[in-house]
Amino acid sequence: MPKVSKEQVGILTSEQIRAARAALGLTTQVIAASTEIGLATIKRYEATSGVPKSRKGYLVQLKAYFEAHGIEFIGTPDDRPGIRVDTPRR
């Protein structure tokens with residue numbers, strides 16, 4: 001796993017994680033299996049408020065997973081964090 005830079009720490013809030021998962025209609029179990037991040041870790045991230053504490057680069061991994069599925073993260077953790085859903089073009 002690549003080393004996480006200081007700029008990447010705190011790139012995702014728990015609210016954005018919950019919103020992204022809900023927008024995709026996925027369960028925490030599906031996210032855990034797809035990303036190989038422990039189910040307990042994902043549940044802990046979602047149960048907090050603000051930026052979850054993460055030491056293993058899992059927030060970067062989650063962000064990449066959601067972005068690959070059409071989620072765009074907008075704002076910053078301190079300034080109106082949110083998501084934008086990219087609908088597939090047909």
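Me: Which backbone oxygen does the side chain of T35 reach?

Reply: A polar contact is a pair of N or O atoms within 3.5 Å; within protein, one must be able to donate a hydrogen and the other to accept it, and residues adjacent in sequence count only if both atoms are side-chain atoms. Here the T35 side chain reaches the backbone oxygen of I31, at 2.7 Å. This is a predicted model: local features need pLDDT of at least 70, side-chain atom pairs count only at pLDDT 80 or more, and totals for chains, interfaces and linings use all residues. Residues are numbered from 1 along each chain as its sequence is written, and side-chain values use heavy atoms, with hydrogens and water left out.

Me: Where is T35 placed? Is T35 buried or exposed?

Reply: Helices (H or I, at least four residues) and strands (E, at least two) are DSSP runs, numbered from the N terminus. T35 is in helix α2, residues 28-35. Buried means under 20% relative accessible area, exposed over 50%, partly exposed in between (1.4 Å probe, protein chains only). T35 has 6%, so it is buried.

Me: What does T35 touch?

Reply: Contact means heavy atoms within 4.5 Å. Leaving out residues up to four places away in sequence, T35 touches I42, Q61, L62 and Y65.

Me: Which residues of the largest nonpolar core touch the most other members?

Reply: In soluble globular proteins, nonpolar side chains tend to be buried together. A nonpolar core is a set of buried Ala, Val, Leu, Ile, Met, Phe, Trp, Tyr and Cys residues joined through side-chain atoms within 4.5 Å. The largest one here has 15 residues, and L12, I17, I31, Y45, L62, F66 and F73 touch the most other members. At least two residues each come from α1 (14-24), α2, α3 (39-47), α4 and β1 (71-76). Helix α4 gives the most, with five.
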